[in-house]
Each structure stands twice: as C-alpha cells, then as structure tokens.
Amino acid sequence: MLFISPPFGNYNFLPNAMSIKGSFTLHYRPGLIQQIFKTLKFNTEKNGWVNKIGLRNPGIDYAIKYYNKNNIVSIAIINASDIDYIENKIPKDMNIELNISCPNIDHKLVSYGLDTFLNKKRKWCIIKLSPKTKINKVDYYYNIGFRQFHCCNTIPIKEGGLSGPEIKNYSLPMIKSIKMKYPDTTIIGGGGIRTMKDIEEYRKAGADHFSVSTLCFSPLGLLRLYWNYNKTSSSA
C-alpha cells in the first residue's frame, strides 16, 4: 500500500492510498502558517526540504472530529501526562501512528509508556522511528507489543528536519535490521521515494508498504508514481 505522510496526508484524496494525518498533540498549537513560511526551505546541498514547523496543529479534538477509518491519525505526545488524556479521548478503533521522533520541536517527544494505545480493535498502531533509532529501542517496542514500524522520520539537523533522498541512507539499513531480527513486523518504508526504482529499493530492504511526503510538492511526480505503483500492484 502507498501511504501519504504528514503534512500532505491531511489533503490526500487519492483512492487506494492511505492518508496519515497530523501530527496532532493534545492541545492546539498555533502558528502553523507562519512557521511554514518562516522555516520551510529547500536545501540544494542535501537535495531535500528542511522545516522547523514544530508540531503546529489544531489539537487532538479536531483530529477526532474529522477522523474516518480509511485514514491514520499521527499523534505526538509532548508530556507523559498527556498519554492518558489522549488515550481516553480517541476512539478505541482509531488507526494511529505514534510520532516519537519529530526533530523540529524544542524538546524530545514522549517515547515510553505507549503500549496503552495497543488494542485488538486498531488495525494500525504504528511507531514512527527516527533515522537515528538504535536497534535496542526497536527491541523495547517489540517486547511491549508493537509490530508496525514506519522507517523513518526526517533527519535532525541544525535547521530542523531534513527530508528527501538523504533519509534512504538511514531507513534502508534500519528496515533490513528490523526485518532480519523480527520478520513478523510490518514495515512502512519512506524517505526520498520519487520513482518506482526507490520503491523497489525499499521492497528489497524488507518494507511491506511505502510512504511519500515531499514528493507531493510535485503533483505530476506524485501522480506518475501513484499510477505506476497501482499498475505494478494490480499486475503482480
């Protein structure tokens, strides 16, 4: 399956593609538009986009109001005390991705105590990993019950989070390591996917599904990949 990751997942209307919306925090965090204009820049040296949007979003209540079962809601937890509030607010069958690794916020996101979100009613309960995640951290999540991992988030650099082809240097080895150690996991591979050649690289590494985000800056590129992916999938 093809996933459209935040922020573009908020606006995806492509059939047969899964939207990941968010990331949403417990409370409203203002200033989204201003931060986009202030911090979103293309890094020509790294051939990727950099942003420091800092999880500006309308809050989890907004996500609940507009949620449907064909989407996944990305959740970022800023304080450990938010876990119970969010878990009690969201529907038990809401598909979620737990964003533990956004690099463009001033302090680390909560990455422990998240097994409370696991239940059999959820088809998707994904952990979105940082490019810098070590295998012992994956061991921890596996041992508490997680089986779905998204490899991986943007690369933390001084200016914010870097997206694009550079991520493949992290995500491909990470996917290989996880699949070798835990073959029963489901992996969404993403970062720098622009063509079917990139998807095949991720598939060979062990990814089961594939995510795109900044490719959406090029609607024609996105539609070309979407068409080729569905054509290949239907003929397989």
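Buried means under 20% relative accessible area and exposed over 50%, with partly exposed in between, using a 1.4 Å probe and protein chains only. Keep that scale at hand while touring this predicted model, in which local features need pLDDT of at least 70, side-chain atom pairs count only at pLDDT 80 or more, and totals for chains, interfaces and linings use all residues. Residues are numbered from 1 along each chain as its sequence is written, and side-chain values use heavy atoms, with hydrogens and water left out.

Rings of Phe, Tyr and Trp (its six-membered ring) pair if their centres lie within 6.5 Å, and planes under 30 degrees apart count as stacked, over 60 as edge-to-face and the rest as tilted. Y62 and Y66 form a tilted pair, 4.8 Å centre to centre with 45° between the planes.

Next, select Y140 and Y141, whose ring centres are 5.1 Å apart and whose planes meet at 65°, so this pair is edge-to-face. Y140 is partly exposed at 25% relative accessible area, whereas Y141 is buried at 0%.

Then show F8, F42, W49 and F217, which ring pairs link into a cluster.
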